Amino acid sequence: MSELSHNVDKKLVLATGRAHPELAEEVARCLGTELLPMSAYDFANGEIYVRSGESVRGKEVFIIQAHPAPLNNWLMEQLIMVDSMKRASARRITVVAPFYPYSRQDKKGRGREPISARLVADLYKTAGADRIMSVDLHTAQIQGFFDGPVDHLFAIPLLAEHIRKVIGDDAVTVVSPDTGRVRVAEQWAERLGGAPLAFVHKSRDLTVPNQAVSKTVVGQVEGRTCVLIDDMIDTGGTIAGAVKVLKDAGAKDVIIAATHAVFSDPAAERLANCGAREVVVTDTLPIPAEKRFETLTVLSIAPLLARAIKEVFEDGSVTSLFDGDA
């Protein structure tokens, strides 16, 4: 069966969309269960059809969906899955979106702009979601967009533990790619034994997407191993530019660490040739073979998702997963 029993009244069901089934399968293995059988296909005009192969009446349903390109398709599929579970009388529905869709559009930078991250939260709620679970939101304020519990999970402990093993006794500086992520950089610094901070000053044209120019670095980087952190890497232009700035400033080595490997072209080529010693990411998004390269390390986010799902199902504390930092 594709369910876990907590007591006679509660049963957990794990379902997945088609965007990244490998991640959901690993989460299921971590939980010691199986995925809910689903029928899903596209009509000729692009409409999506989904149907559960088993009853979910009265059960706690967790719907896992990654959101790589084409993001809109996978978001729509997840919304339709939520709607189908609601109409099938599921007891509670939790949306598990490791990479939250439209998270970069979380505020109005100029007049007449949408706040698309809020729209996505409204769509989930309207479809029938009771709860949202995500990893490393672009900004923490997104938690307030959804009218219900939001479990904001963090990949920093997972990434930092790997990097601690890699850097050994090297003198380390944690580098934020811009001033906006300095608070996250402080959390990284604590994980890496109180390492000093630096940040890269960059400029961005708000009218042009995916373009930013890294100009100079503020902080102590000469002769040190720099851990360059970010929540996501899309086309790789900003992060590759930051590596060059750090190298020009005398950094001994640069290790890139990011949670979400969006990797829109030409990210893989840029990252492979940017001069970084290693690029460390998680598998919140699928990374096809053609976008993998020699210096890339992919860590599994499945154990973290599985632990959080188990805590939610058993009415435990998700905050306890982060030593009280959540």
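Start with helix 8, residues 302-313. This is a predicted model, so let's check the helix length. Helix 8 has 12 residues, and at 1.5 Å a residue it should span 16 Å. Its end C-alpha atoms are 16 Å apart, so the two agree.

Which residues of helix 8 are buried? They are Ala302, Leu304, Leu305, Ala306, Ala308, Ile309, Val312 and Phe313. Just after helix 8 comes aspartate 315, with a positive phi of about 55°.

Now the core. The largest nonpolar core has 43 residues. Leu14, Val27, Ile163, Trp188, Leu192 and Ile309 touch the most other members. Helix 8 gives the most to this core, with 8 residues. In soluble globular proteins, nonpolar side chains tend to be buried together.

Take leucine 192. Leaving aside residues up to four places away in sequence, leucine 192 touches Ala160, Ile163, Arg164, Ile167, Val172, Val174 and Val227.

On to helix 5, residues 182-191. Its buried residues are Ala185, Trp188 and Ala189. They cover an arc of only 100° around the axis, so they sit on the same side of helix 5. After helix 5 comes glycine 193, whose phi is positive, near 75°.

Last stop: aspartate 178. It lies in the loop between strand 9 and helix 5. Buried or exposed? Aspartate 178 is buried, because its relative accessible area is 18% and the cut-off is under 20%. Its side chain reaches the backbone nitrogen of arginine 181 at 3.3 Å.

That's the tour. Over to you.

Technical notes: Residues numbered from 1 in each chain as written. Predicted model: local features only at pLDDT ≥ 70, side-chain atom pairs only at ≥ 80, totals over all residues. Heavy atoms only, no water. Helix = DSSP H or I, 4+ residues; strand = E, 2+ residues; numbered from the N terminus. Buried < 20%, exposed > 50% of the residue type's maximum accessible area, 1.4 Å probe, protein only. Polar contact = N/O pair within 3.5 Å; in protein donor to acceptor, adjacent residues only side chain to side chain. Expected span 1.5 Å × (residues − 1). Core = buried A, V, L, I, M, F, W, Y, C linked by side-chain atoms within 4.5 Å. Contact = heavy atoms within 4.5 Å. Arc of directions from axis to C-beta.
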